Amino acid sequence: MTPYKSLLKIPFIAVCVFAGASTMTSCSKFSAEPNVEIIQDMMVSPAVKAQEYDESSPGGSGMRVPPDNTAPVGFQPYEYATNPEGAAKELKNPFTGDSSQEVVMTGQKYYETNCMICHGMHGEGSEKSSVAQFMALKPPPLVSDKVKGYSDGQLYHVITVGQGVMGPYAQNIPQAYRWQVVNYVRHLQKDSHK
């Protein structure tokens with residue numbers, strides 16, 4: 001064997017031994033040695049749960065109020081919050097007439113999670129609702145002629161900011177899905193005639 005070929009074998013053997021040893025150490029269940037973490041701060045970052053004590057926070061509270069006049073990235077304020085008439089006239093449903101299975105099923109999911117408890121499974125109101133029958137002020141049936149006369153923008157507005165004793169559902173139903181809930185309510189209204 002030439003000396004040149006034997007010199008090439010040494011790095012190859014060293015690489016094989018090193019790779020085999022590191023694989024055995026890191027993958028073995030029985031290894032007493034921990035894995036080596038090159039950037040440990042990224043793998044074990046400090047986390048504070050909202051209800052925990054945080055010694056670096058004023059008052060020790062883990063919950064922190066965002067600074068005044070700040071907004072989350074991508075946040076768009078609802079411009080009709082104090083203008084229900086404007087919402088009823090100007091807001092246009094991007095899903096108007098879309099009764100595809102995807103739109104209806106998404107609307108149904110959010111309706112059944114947030115609205116059904118008071119408005120009933122089929123939008124019949126307090127008559128068949130397990131909670132609303134005990135309320136002093138009953139929620140209206142969504143299949144009534146009054147609610148059928150609401151524009152899509154008006155329904156969207158009620159979902160977003162609430163109405164009467166109903167609170168806002170802007171935190172519960174993401175903005176992207178509220179129109180689909182409106183479409184599901186329209187679907188319930190059509191089914192009520194059958």
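Helices here are DSSP runs of H or I at least four residues long, strands are runs of E at least two residues long, and both are numbered from the N terminus. With that in hand, helix α7 is followed by Gly162, whose phi is positive, near 85°. The structure is a predicted model, in which local features need pLDDT of at least 70 and side-chain atom pairs count only at pLDDT 80 or more, while totals for chains, interfaces and linings use all residues. Residues are numbered from 1 along each chain as its sequence is written, and side-chain values use heavy atoms, with hydrogens and water left out.

The protein chain has eight helices and zero strands, so its pattern along the sequence reads α-α-α-α-α-α-α-α. Of its 194 residues, 27% count as buried (buried means under 20% relative accessible area, exposed over 50%, and partly exposed in between, with a 1.4 Å probe and protein chains only). A contact means heavy atoms within 4.5 Å. Among contacts between residues at least 6 apart in sequence, 47% join residues at least 24 apart.

Now for α7 itself. Eight of the ten residues of α7 are buried, so this helix is largely enclosed by the rest of the structure. The buried ones are Asp152, Gly153, Leu155, Tyr156, His157, Val158, Ile159 and Thr160. Their cover includes α3, α6 (145-148) and α8. Leaving aside residues up to four places away in sequence, His157 touches Tyr78, Tyr80, Ala81, Asn83, Pro84, Ala87 and Gly162.

Two packed helices are described by the angle between their axes and the distance between the axes. Axes are lines fitted to C-alpha atoms, for helices over the stretch in contact, and angles run from 0 to 180 degrees between N-to-C directions. The axes of α7 (residues 152-161) and α8 (residues 175-191) come within 9 Å and cross at roughly 120°. That makes α7 oblique to α8 (angles under 35 degrees count as roughly parallel, over 145 as roughly antiparallel, 65 to 115 as roughly perpendicular and the rest as oblique). On the α7 side, the contact is made by Asp152, Gly153, Leu155, Tyr156, Ile159 and Thr160, and on the α8 side by Gln175, Arg178, Trp179, Val181, Val182, Val185 and Arg186. These residues divide into seven nonpolar, three polar and three charged (Ala, Val, Leu, Ile, Met, Phe, Trp, Tyr, Cys and Pro count as nonpolar, Asp, Glu, Lys and Arg as charged, and the others, Gly among them, as polar).

Helix α8 also meets α4. The axes of α4 and α8 come within 7 Å and cross at roughly 95°, which makes α4 roughly perpendicular to α8. By class, the contact of α4 with α8 has nine nonpolar, six polar and one charged residues.

Asn93 sits in the loop between α3 (84-90) and α4 (101-114), and is buried, with a relative accessible area of 8%. The side chain of Asn93 makes a polar contact with the side chain of Asn183 at 2.7 Å (a polar contact is a pair of N or O atoms within 3.5 Å; within protein, one must be able to donate a hydrogen and the other to accept it, and residues adjacent in sequence count only if both atoms are side-chain atoms). The Asn93 side chain also reaches the backbone nitrogen of Phe95 at 2.7 Å.
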